[in-house]
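Hi everyone, thanks for coming. Let me walk you through a structure that may be new to you, a few pieces at a time.

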Amino acid sequence: MPKHALRRVMTATAAAVATLALGLTDAAAHATPDTLDYVALGDSYSAGSGVLPVDPTNLLCLRSTANYPHVIAATTGARLQDVTCGAAQTAHFRQAQYPGTAPQLDALDTGTDLVTLTIGGNDNSTFINAMTACGTAGVLSGGKGSPCKDRHGTAFDDEIDANTYPALKQALLDVRAKAPHARVAALGYPWITPATADPSCFVKLPVAAGDVPYLRAIQAHLNDAVRRAAKETGATYVDFSTVSDGHDACEAPGTRWIEPLLFGHSLVPVHPNALGERRMAEHTMSVLGLG
C-alpha cells in the first residue's frame, strides 16, 4: 500500500477511535448521576447519640459517625454535611445551641439537594418529661395502674398541639426558604414502648402497665404533628409506625432499635442503637427511592 494511502487509513482509524472514546466518555458522564449535596439536621435521634464511634468535631452534640445520615451518605455517595445535635429543639434551627455551634439552618443553601431531619421530641421537653414522669410514677406504684396518665392527663398532648406542631411547621418552612430546591424528609420517631405492657420489661422500662399505652399514644401524637407539618410544607414524611413495630425498647438485643431506660447497651438510654440508626436509614432511603 502506498505511504499516502496508509497515512489516510491510519488517520481515519485514529479519528474513529477518538470519536468512539469521546462518545463513551460522554455516555459515562451522563450515566453517572450528580452527587447529592446532603445536609442532615435534627436532634439526638438524627445524631445517633449514644452510638459509637462519636464524631470528634463537636463532642457537645454527641453525634455519631454511624448515625442514619452517615449510613444514607455512605450508601448513596452523597456529600454529607451533618449538623445534627443531641438535645436540639426546633429553636436551634435558627439559633446557636452551644457556643461555637452554629444554628443548624446555616448549613443550608440554594445548592442543597437533600435534607433529612428528626426534630420535635425535645420541644417542651416532651420526651424527657414524659419518660421521667411515667418512670417515677411506675416505680412508686410498683407497675400497677396508670398513675402517670391519672396525674398528667392530656398535658403532654396539649403542649404538642399548642407549641410543638406550629414550631415544626415553621422549622420546615425555614428549611424550604434556605434550601428551595432540596428534597426534604421529616422522619417520625420509631416506637419506644410496645402497644401494651410487657411485665418482663418493667425492670428495663419501669412504666406502670396502664401508662405503657399512654406513652405510646403521646409518641403517636407527636409523630402525627410531624406528619401534618411535613404535609403542609411540601416535605416528605417518613413514617416508622409500621416498620418499627416490634422493635421497641422492650425487645431483646438484636431485635430492638431503641435501648431501654435501664440495663441497655448504649451510653444514652431510650435512644436508637446502631441497628436502629441503620434501619432508620434504610427505611428513609426506601421512602425516598434512594440507594
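Before the helix pairs, one definition: a helix axis here is a line fitted to C-alpha atoms over the stretch in contact, and the angle between two axes runs from 0 to 180 degrees between their N-to-C directions. Please also keep in mind that this is a predicted model.

With that, let's start with helix packing. Two packed helices are described by the angle between their axes and the distance between the axes. Take helix H6, residues 155-178, and helix H7, residues 212-233: their axes come within 9 Å and cross at roughly 30°. Angles under 35 degrees count as roughly parallel, and so H6 and H7 are roughly parallel to each other. As for handedness, H6 passes H7 in a right-handed crossing.

Which residues meet there? From H6, they include Phe156, Ile160, Thr164, Leu168 and Leu172, and from H7 they include Tyr214, Ile218, His221, Leu222 and Ala225. If you wonder about the spacing along a helix, an α-helix has 3.6 residues a turn, so residues three or four places apart point the same way.

H6 has another partner to show you. The axes of helix H4, residues 126-140, and H6 come within 11 Å and cross at roughly 175°. That makes H4 roughly antiparallel to H6. Here Thr126, Asn129, Ala130 and Ala133 of H4 meet Phe156, Ile160 and Thr164 of H6.

Asn124 has a phi near 65°, a positive value in a residue other than glycine. Ser125 is in the loop between E3 and H4 too, and although Ser125 is not a glycine, its phi is positive, about 55°. Are these residues buried, partly exposed or exposed? Asn124 counts as partly exposed at 24% relative accessibility, and Ser125 is partly exposed with a relative accessible area of 29%.

Now over to helix H8, residues 274-288. At 1.5 Å a residue, its 15 residues should span 21 Å, and the end C-alpha atoms are 21 Å apart, which agrees. At the start of H8, a side-chain oxygen of Asn273 comes to within 3.2 Å of the backbone nitrogen of Leu275. Just after H8, Gly289 has a positive phi of about 70°.

Several residues of H8 are buried, among them Leu275, Met280, His283 and Leu288. What covers the buried residues of H8 includes helices H2 and H3 together with strands E3, E4 and E5.

H3 has buried residues of its own: Tyr68, Pro69, Val71, Ile72 and Ala73. They pack against strands E1, E2, E3 and E4, and against H2 and H8. After H3 comes Gly77, with a positive phi near 75°.

Two last stops, both in loops. Pro53 lies in the loop between H2 and H3, and the peptide bond from Leu52 to Pro53 is cis, with omega near 0°.

Gln104 lies in the loop between E2 and E3. Is Gln104 buried or exposed? With a relative accessible area of 3%, Gln104 is buried, because buried means under 20%. A polar atom of its side chain lies 2.7 Å from the backbone nitrogen of Gly42. Beyond its neighbours within four places in sequence, the contacts of Gln104 include Leu41, Val83, Cys85, His92 and Phe93.

That's the tour, and I'm happy to take questions.

Methods. Residues numbered from 1 in each chain as written. Predicted model: local features only at pLDDT ≥ 70, side-chain atom pairs only at ≥ 80, totals over all residues. Heavy atoms only, no water. Helix = DSSP H or I, 4+ residues; strand = E, 2+ residues; numbered from the N terminus. Expected span 1.5 Å × (residues − 1). Buried < 20%, exposed > 50% of the residue type's maximum accessible area, 1.4 Å probe, protein only. Contact = heavy atoms within 4.5 Å. Polar contact = N/O pair within 3.5 Å; in protein donor to acceptor, adjacent residues only side chain to side chain. Parallel < 35°, antiparallel > 145°, perpendicular 65-115°, else oblique. Left-handed = near helix turned anticlockwise from the far one by under 90°.
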